[in-house]
Amino acid sequence: EREEPADSHVPLPAVAFAAALAVCFTWGWLQMLAALIVGWLSLARPGELLKLRRRDLILPSDLGLSCAVSPGFVVFRHPKGSWGRNAARVEQVRISDPAGLAFLEAYAAPLHEHDLLFPSLACGSASASSSRYRTCWDAVYGGALGFPCRDGVGLTPASMRAGALTALYGAGAEPGRLQWHARHKSERTTRRYVQELGASVV
């Protein structure tokens with residue numbers, strides 16, 4: 001099993017995530033706003049996030065339910081580690097945030113099943129590190145909020161997964177829930193990942 005390089009990703013603080021949402025809303029960057037919400041709630045890896053299509057975001061309305069009382073789901077097709085013989089080819093994560101889901105309901109309403117969720121962010125390169133998503137990330141977190149955004153020493157797109165997992169841990173989530181949400185194959189991986197992340201913010 002591949003271990004995640006937790007020590008190379010500075011966790012995104014929850015307050016910085018919230019501030020970025022405000023910046024994106026003020027600027028009218030709705031795709032970036034939606035991408036941040038989906039990425040944070042689902043703990044998506046940057047590359048996974050940019051490949052998501054409308055069919056991969058299952059909203060309460062798709063099930064005939066209300067976002068006030070029902071969760072949504074994000075489906076990851078061919079996720080990291082799916083090369084193993086016994087590995088899952090499709091993984092899903094439950095997302096439960098009424099305000100976030102309400103925005104995503106409005107955002108995704110005009111999209112068709114096979115449309116990319118964030119088409120303009122995915123353009124420029126197949127790599128999340130050099131796509132327009134990274135350019136927008138640096139503009140929001142670096143330009144507007146003043147954080148360093150260099151790989152290894154600042155906030156990068158991979159910081160969101162690390163920060164969201166740290167936030168879940170800080171909220172008292174049990175290791176089993178963290179493992180499921182992060183889609184780790186073993187609890188040992190989750191414990192190592194969380195310990196390293198926790199040490200980086202103490």
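Predicted model: local features only at pLDDT ≥ 70, side-chain atom pairs only at ≥ 80, totals over all residues.

**Entry 1: inventory.** I looked up the secondary structure and got nine helices and three strands. Along the sequence the pattern reads α-α-α-β-β-β-α-α-α-α-α-α. The protein has 202 residues, and 47% of them count as buried. I also checked contact range: among contacts with a separation of 6 or more, 62% are between residues 24 or more positions apart.

**Entry 2: the sheet.** In what order do the three strands sit? I find β1-β2-β3, an open sheet with antiparallel pairing. The edge strands are β1 (57-58) and β3 (90-95), each pairing on one side only. Strand β2 (residues 72-77) is joined to β3 by six bridges, and the two run antiparallel. I picked out two positions in that pairing: F73 stands opposite R94 in β3, and R77 has V90 of β3 as its bridge partner.

**Entry 3: faces of β3.** In a regular strand the side chains alternate between the two faces of the sheet. I went through β3 with that in mind. Its covered face holds E91, V93 and I95, while V90, Q92 and R94 are on the uncovered one.

**Entry 4: what packs on the sheet.** Back to the sheet, where β2 is joined to β3 by six bridges. Helix α2 (residues 30-42) packs on this sheet and touches β2 and β3. I read about 100° between the direction of α2 and that of β3.

**Entry 5: α2 against α6.** Two packed helices are described by the angle between their axes and the distance between the axes. For α2 and helix α6 (residues 132-144) I get an angle of about 90° and axes 11 Å apart. Angles of 65 to 115 degrees count as roughly perpendicular, so α2 and α6 are roughly perpendicular to each other. Which residues meet there? From α2 I list M32, A35 and L36, and from α6 Y133, C136, W137 and Y141. By class, the residues of this contact come to seven nonpolar, no polar and no charged.

**Entry 6: the core.** How many residues does the largest nonpolar core have? I noted 50, and those with the most contacts inside it are L36, Y133, W137 and Y141. The largest share of this core, nine residues, comes from α2. I followed Y141 a bit further. Leaving out residues up to four places away in sequence, Y141 touches L12, A16, F17, A20, L36, G146, F147, C149 and L155. L36 of α2 turns up again there, having already been listed at the meeting of α2 with α6.

**Entry 7: two residues in α8.** I turned to helix α8 (residues 175-182), which contains H181. Is H181 buried or exposed? Its relative accessible area is 10%, and buried means under 20%, so H181 is buried. Not counting residues up to four places away in sequence, H181 touches L41, S42, L43, V93, R94 and L168.

Leaving aside neighbours within four places in sequence, I find Q179 in contact with H184, K185, S186, E187 and T190. For Q179 and T190 the C-alpha to C-alpha distance is 5.5 Å, and they are eleven residues apart in sequence.

Entry 8: L43 lies in the loop between α2 and α3 (46-51), and with a relative accessible area of 1% it is buried. L43 is also among the residues that H181 touches.

R183 has phi near 65°, again positive in a residue other than glycine. I place R183 in the loop between α8 and α9 (187-201). R183 is buried, with a relative accessible area of 10%.

Terms used:
Residues numbered from 1 in each chain as written. Heavy atoms only, no water. Pairing = 2+ DSSP bridges. Helix = DSSP H or I, 4+ residues; strand = E, 2+ residues; numbered from the N terminus. Contact = heavy atoms within 4.5 Å. Axes fitted to C-alpha atoms, helices over the stretch in contact; angles between N-to-C directions. Parallel < 35°, antiparallel > 145°, perpendicular 65-115°, else oblique. Nonpolar A, V, L, I, M, F, W, Y, C, P; charged D, E, K, R; others polar. Core = buried A, V, L, I, M, F, W, Y, C linked by side-chain atoms within 4.5 Å. Buried < 20%, exposed > 50% of the residue type's maximum accessible area, 1.4 Å probe, protein only.
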